[in-house]
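The exercises that follow are to be worked with the sequence and the three-dimensional model at hand. Each task is followed by a solution in steps.

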Amino acid sequence: MSRLATRYDLTALARKLAAGPGAGAPPVQVFVGMSTCGLASGAGAVYEAMAKALAARKLANVTLVKAGCVGLCYAEPTVEVQVAGQPIVTLGNVTPERGEELVAELAAGGKIAGAISEGDAIFKKQVRIALRHCGRLDPEKVEDYLRDGGYQTLAKALFDQKPEELIQTMKDSGLRGRGGAGFPTGLKWEAARKAANTPKYIVCNADEGDPGAFMDRSVLEGDPHCVLEAMALAGYAIGARFGYIYCRAEYPLAVKRLEIAIGQARQLGLLGANILGSGFDFDIEVKLGAGAFVCGEETSLIHSIEGKRGEPTVKPPFPAESGLWGKSTTVNNVETLACVVPILEKGAAWFRGIGTPKCPGTKVFALAGDVKNVGLAEVPMGITIHEVLEEIGGGSRDGKPIKAVQTGGPSGGCIPASKFDTPIEYETLASLGSIMGSGGLIVMGADTSMVKIAHFYLQFTCDESCGKCTPCRVGNKRLLEILDRLLKGEGKPEDLEKLQELGNVIKDTALCGLGQTSPNPVLSTLHWFRGEYEECLKKGPKAVTYRIVAEKCVGCRACAKVCPVSCIDGKLKKPHVIRQEECIHCGACFSACKFDAIVRE
Amino acid sequence: MGTDTDHKKFQELEAMIDGLALAGKDTEGRRAVLIQVLHKAQELFGYLPEEVQKFVAGKLALHLSEVYGVVSFYHLFKTKRSGKYCIEFCMGTACYVRGATKLIEQAEQALGVKLGETTPDGRFTLGQLRCVGACSLAPVIQIAGKTFGRVTAEQLPGILAEFK
């Protein structure tokens, strides 16, 4: 493709692409979800099988698209079929054989069996803004993005709008940072616009480190151009000519697709010098992280781009005044940037019409853990936790009631089932002792020990603390030691008060956002599930014993297989026995037994 | 170190650094490519021994202490030689909740080494990963860039046997 010298070249190309080569028969698009999860589940083989079958049948009106992820991770690999003028049909758990059948069904023009339809609850509650293209275009083909109006918003801004107008629209829209803290994006841009410290930089924070959050990966893998266009728009608004995307090295496919997209945009003259003849120069470079959670914090991230240890510094000065190499720097998260183009295209009023007055728009949640439909869901702000869990998530895996959800990763907290009717907003989650965070929503089933969950997150924080400030480095270590002894059954009576006091001190005194939120998992579980901590104190975990009821045991060996210390004896089809002196009271056998033959006492 | 293959690796690393057009750049400019160069070096050598760190420091005209400071800060940079294959267990919350720790224990027993160690024959290194974001497939293992999802205790020996 050749360089687009003017905005009219862009419009002409988009028109040409929209007219399409195969006009005539109703065009059918078949999207195979080929993000990391899809590929690991065998989407590659499905694509190959379908491509072969299509070629054999010479179905010219069917286009097979290597698409990103639609977010139905529980049903990977997924295939979606779009017959022009009809609702999209989604198929889950597709095998290569099923793919071939599907081609036959398309050839016959018949109905497609076993599909999830757009009217189903899992889709009905969703409003897709950030994920609008994910799964619906080929992320490695810029043509797909252009056909759908890609880069038109940038062209319009460069020729018809002043930077201040863009900033005003962003302010009016009420968009808030989706990385977790919820700072208004328009205000961030305005501060950077006013800063005199040039050259200015725009940075996309793609260091999605919260365990259990993968919406940014999905956007980068499924729609990289929308991030590039948004960065160029942000650059124009604040007066920056260069942008960095800081992506974690754990996302190789996202990095690859970003590099491809940047190459295409440069070739078309949509990045680089004198974009579309407007006189505006803007270019982007991808920078890789190297596995440090703290680099998701913006000052740490900036140091990492500079090639230093990713340690945070005190704010103020905020990056808008003094960031990369001491220059004004605007850091926006991937999901935030993914909302920019639709807002500038459709206007602030449209965006405000979605969500709540305090938090307009949508949020993408990554549902994981003990829930039936694991995946990504983009929902309007203000939806209740209950709606997300039950209507989109389909409830818990084993049908038992859900005990709690954890939001915000290691910086967030656990929210008990009694609060599931809370509408989701930054402030409401904070009032429950958690945070919105990047949008990980981990579902905890009835058997999950909340003390152990707090311990898990704290261990994570201790591993990832950069060591710069004492409250985080030493304070969290002390918290972990207290939890260690509680779990061993060696807790002291004053321990719960100590957890509370120390947790609050860390919150008040740690240097960066990560340190200040690191005690949240402990404090929130202590608040909502204090009983479990008291139980640890009273009995210690050894007081919990597991016993097999001989009358109920069918001798299936399921418990013996999962026992990590192999302390369950018994022959096949004969009742089993637990050797109590060796039992470590982990409860694995209890969860594995399908016949309720193991009792917890 | 010091073999012909090492010599070639150093040459390749040098070519990569020379390709970055650092001539005339100040310390800030040279420092900005450090992490990128270390990624390349680790890709070539498998880990970052002192010789490699010294070489990088020399080429970028940065102090060795600064290079070591960066290497030791980031989890992905390794200073010990790894086995031919790294078996890496995702330790994200979803994988944890769905039994990653048990898989690790099983692998430790099967291979006779602890997490972070390499088998005596140099075939496997056991490691852990931060969340790879494939939570629907929990628990997840990555070996030599290949992702295995919903791994069960029964499947693990078969997966390990794939890597000779």
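**Confidence and conventions**

The model as a whole scores ipTM 0.89 and pTM 0.89. This is a predicted model, in which local features need pLDDT of at least 70 and side-chain atom pairs count only at pLDDT 80 or more, while totals for chains, interfaces and linings use all residues. Residues are numbered from 1 along each chain as its sequence is written, and chains are lettered from A and ligands numbered from 1 in the order in which they are written.

**Exercise 1. Describe the overall build of chain A.**

Step 1. Chain A contains 25 helices and 18 strands; helices (H or I, at least four residues) and strands (E, at least two) are DSSP runs, numbered from the N terminus.

Step 2. Taken along the principal axes, its C-alpha atoms fill a box of roughly 80 × 65 × 40 Å.

Step 3. The radius of gyration, taken over C-alpha atoms, is compared with a globule rule of 2.2 Å times the number of residues to the power 0.38. Because a compact globule of 601 residues would have a value near 25 Å, the 26 Å of chain A agrees.

Step 4. An automatic or database domain assignment divides chain A into domain 1 (7-119), domain 2 (149-347), domain 3 (362-444), domain 4 (450-539) and domain 5 (546-600). The C-alpha centres of domain 2 and domain 3 of chain A lie 27 Å apart. Their contact takes 14 residues from domain 2 of chain A and 16 residues from domain 3 of chain A, where two residues are in contact if their C-beta atoms, placed from the backbone, lie within 7 Å.

**Exercise 2. Characterise the side of chain A that touches chain B.**

Step 1. The contact takes 37 residues from chain A and 33 residues from chain B.

Step 2. On the side of chain A, α2 (36-40) and β10 (362-369) each supply at least two residues.

Step 3. This side divides into 19 nonpolar, ten polar and eight charged residues. Here Ala, Val, Leu, Ile, Met, Phe, Trp, Tyr, Cys and Pro count as nonpolar, Asp, Glu, Lys and Arg as charged, and the others, Gly among them, as polar.

**Exercise 3. Is M450(A) buried or exposed, and which residues does M450(A) contact?**

Step 1. M450(A) is found in helix α18 (residues 450-464) of chain A.

Step 2. A residue is buried if 20 or more other C-beta atoms lie within 10 Å of its own, exposed if 12 or fewer, and partly exposed in between, with C-beta atoms placed from the backbone. M450(A) is buried because 24 other C-beta atoms lie within 10 Å.

Step 3. Leaving aside neighbours within four places in sequence, M450(A) is in contact with A404(A), C414(A), T525(A), F529(A) and E532(A). M450(A) and A404(A) are 46 residues apart in sequence, yet 8.9 Å apart in space, C-alpha to C-alpha.

**Exercise 4. Identify what covers the buried residues of two helices.**

Step 1. In helix α7 (residues 152-160) of chain A, the buried residues are T153(A), L154(A), A155(A), A157(A) and L158(A). Their cover includes α1 (7-19), α8 (163-173), α11 (224-238) and α14 (334-346) of chain A.

Step 2. In helix α5 (residues 64-73) of chain B, V67(B), V70(B), V71(B) and F73(B) are buried. The buried residues of α5(B) pack against α3 (34-45) and α4 (50-60) of chain B.
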